[in-house]
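Thanks, everyone; I would like to walk through one model this morning, starting with the surroundings of the ligand and then turning to an annotated site.

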Amino acid sequence: MKILTAEQLSEGDKITIEKQQITSEELMERAATLVFNEINNRLQGAPIPIKIFCGIGNNGGDGLVIARHLIQHGYHVTVYVVNYSDKRSDDFLANYEKLKDVTNDWPQLIKSEDNFPEINIGDFIIDAMFGIGLNRPIEGWVANLVKLINKSQAFILAIDMPSGLFSDKIPAEDAAVIEANFTLSFQAPKLVFFLPDTMDYVGDLQILDIGLDKEFLGKLQSGNHLIGEEEAVSLYKPRKANSHKGDYGHALIVGGSYGKIGSVLLTATAALKTGSGLCSLYIPKCGYHAVQTGLPEAMVVTDVEDDLLSGYPEDFKADVVCFGMGAGTANKTREALKNMLNTVKTPVLIDADGLNILSENKELLDLLPENSVLTPHPGELKRLVGEWKDDFHKLELVRSFSKKYKLIIVIKGAHTFVIDGNDMYVNNSGNPGMATAGSGDVLSGVITSFMGQSYEPVTAAVLGVFLHGRAGDIAAENLGYESVLAGDIAKNIGKAIQGLFSRKLKNSE
Ligand SMILES: NC(=O)C1=CN([C@@H]2O[C@H](COP(=O)(O)OP(=O)(O)OC[C@H]3O[C@@H](n4cnc5c(N)ncnc54)[C@H](OP(=O)(O)O)[C@@H]3O)[C@@H](O)[C@H]2O)[C@@H](O)CC1
Ligand SMILES: [K+]
């Protein structure tokens with residue numbers, strides 16, 4: 001699904017009105033009715049106090065339409081008009097009039113702090129103050145109203161955007177922004193819904209297809225994509241009946257040091273669970289028995305050193321190599337990475353200490369084969385690209401780094417981002433239970449495996465990140481967030497892939 005900006009959506013709005021020969025009021029009715037249906041499905045007529053805070057633009061207009069439908073269905077609704085300006089939009093005014101047909105309770109006007117209503121913890125708040133038309137921070141008494149709503153601990157549903165949130169920049173630290181429990185947003189997700197700086201404002205998210213013109217949306221230049229199951233299914237290639245292990249790649253996992261052999265074991269397990277035909281490990285001698293016992297399916301080659309890596313088996317034939325988990329950053333290990341990069345000419349994956357070595361020896365970046373995949377967490381990323389001011393700045397830095405070295409960067413986080421030059425893929429699977437030791441080692445194994453199975457590196461990264469998250473979701477359903485271990489994520493990769501396989505089968509029927 002494309003991630004769009006406020007400008008793109010407003011343009012889509014205009015083109016849709018032209019092409020479908022409808023009025024903007026009809027489009028508003030369509031969008032807001034979808035919101036009403038969602039609320040009605042969940043509340044099922046519950047007699048809770050619903051307080052709708054409407055702005056005076058079209059986001060407020062949506063709020064008025066929602067209010068009309070809720071009142072018609074017998075809900076207990078109070079409507080407030082947050083009168084931050086006298087420039088009421090036409091569709092707001094039209095729906096303000098229509099409200100008269102269904103109630104004698106006129107909306108209460110809020111013009112200053114004096115008009116603030118009481119908000120109780122059991123209220124259901126609908127935030128329809130500002131949507132994609134926000135063009136400056138919320139100030140004065142309106143900011144105080146936003147803060148009052150946030151403090152109330154009432155359930156807050158935001159319409160289209162939490163009020164105060166811009167679609168293309170990060171609000172200041174003390175800015176007034178609605179902290180929604182749930183956001184129902186129109187047509188396309190906005191990037192701020194997924195950034196660490198702003199995702200907490202959004203709460204749970206659902207995108208409503210309001211039927212904007214498909215041709216316009218299809219042609220829109222947006223390199224930003226949200227990756228959910230549908231997208232992952234389209235990337236996944238099921239196995240052929242007539243195939244053998246040689247068709248699914250030989251992955252070589254290079255890493256580990258004394259006390260950190262578990263990391264490579266997790267990576268190799270994940271690679272095999274993702275379908276690698278063969279998997280070998282190149283590790284220091286101290287890990288030999290642990291790996292041979294822990295993962296009998298894998299083959300092991302050891303370094304001359306006991307406790308760390310110092311070299312690379314230059315004549316080893318592998319389809320893909322990944323380097324770094326548990327490796328440490330000793331001088332000898334830096335030489336090992338250098339040897340590997342001087343030997344391997346196809347895309348590799350670098351993780352963990354491999355990334356730390358690269359940060360300290362930037363000249364090695366030039367040796368990385370084009371389209372290699374780096375999988376930093378935020379700390380590792382900072383060491384690679386430098387400090388950033390906010391998340392948009394971070395994405396800019398990573399984009400230019402990706403272009404400069406022709407690399408694919410996987411920024412790990414609550415929503416993992418895959419950046420390949422101008423293209424950006426935001427993952428939508430996973431859960432907080434996956435914030436656990438070794439989770440990244442498993443991810444490296446999944447992506448490496450797909451790279452070895454002849455997926456394009458960027459596809460391997462995008463699909464790998466999605467499946468890793470899905471496997472974590474399946475693990476969390478069974479175990480609870482706190483008890484998910486990295487090994488549980490690896491164990492559930494099969495079920496996650498099965499899910500894609502079944503969906504693909506269903507799509508083809
Ligand atoms: N596009 C679509 O597909 C569809 C969109 N729909 C809905 O329309 C919504 C967008 O509506 P909108 O354009 O009227 O803007 P909205 O967010 O209501 O803001 C109102 C006005 O507030 C003003 N203003 C801005 N910042 C301010 C501030 N800090 N403090 C004070 N004032 C401020 C600014 O006017 P200004 O004062 O700058 O002239 C602005 O115009 C969208 O989110 C969705 O809910 C659906 O109905 C149908 C399909
Ligand atoms: K809103």
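Three helices, namely helix 1 (6–19), helix 2 (24–43) and helix 3 (58–72), each supply at least two residues of the shell around ligand 1, and please keep in mind throughout that we are looking at a predicted model. Of the contributors, helix 3 gives the most, with five residues. The shell as a whole comprises 34 residues, of which G57, N58, N59, G131 and G133 are the closest to ligand 1.

Now to the annotated site. UniProt, in an unreviewed entry, places the feature "binding site" at K412, G413, A414, H415, T416 and G440. These positions are spread over 29 residues of sequence, and yet they cluster in space, the largest C-alpha distance being 13.5 Å.

Let me take two of them in turn. A414 lies in the loop between strand 15 (408–411) and strand 16 (417–420), and H415 is likewise found in the loop between strand 15 and strand 16. Are they buried or exposed? A414 counts as partly exposed because 15 other C-beta atoms lie within 10 Å, whereas H415 counts as buried because it has 20 other C-beta atoms within 10 Å, and 20 is just what the cut-off of 20 or more requires.

As for contacts, and setting aside residues up to four places away in sequence, A414 touches P196 and M199.

Note on methods:
Residues are numbered from 1 along each chain as its sequence is written. Chains are lettered from A and ligands numbered from 1 in the order in which they are written. This is a predicted model: local features need pLDDT of at least 70, side-chain atom pairs count only at pLDDT 80 or more; totals for chains, interfaces and linings use all residues. UniProt positions are given in the numbering used here, feature names are shortened, and annotations may be inferred rather than shown by experiment. Helices (H or I, at least four residues) and strands (E, at least two) are DSSP runs, numbered from the N terminus. A residue is buried if 20 or more other C-beta atoms lie within 10 Å of its own, exposed if 12 or fewer, and partly exposed in between; C-beta atoms are placed from the backbone. Two residues are in contact if their C-beta atoms, placed from the backbone, lie within 7 Å. A residue is near a molecule or strand if its C-beta atom, placed from the backbone, lies within 6 Å of it.
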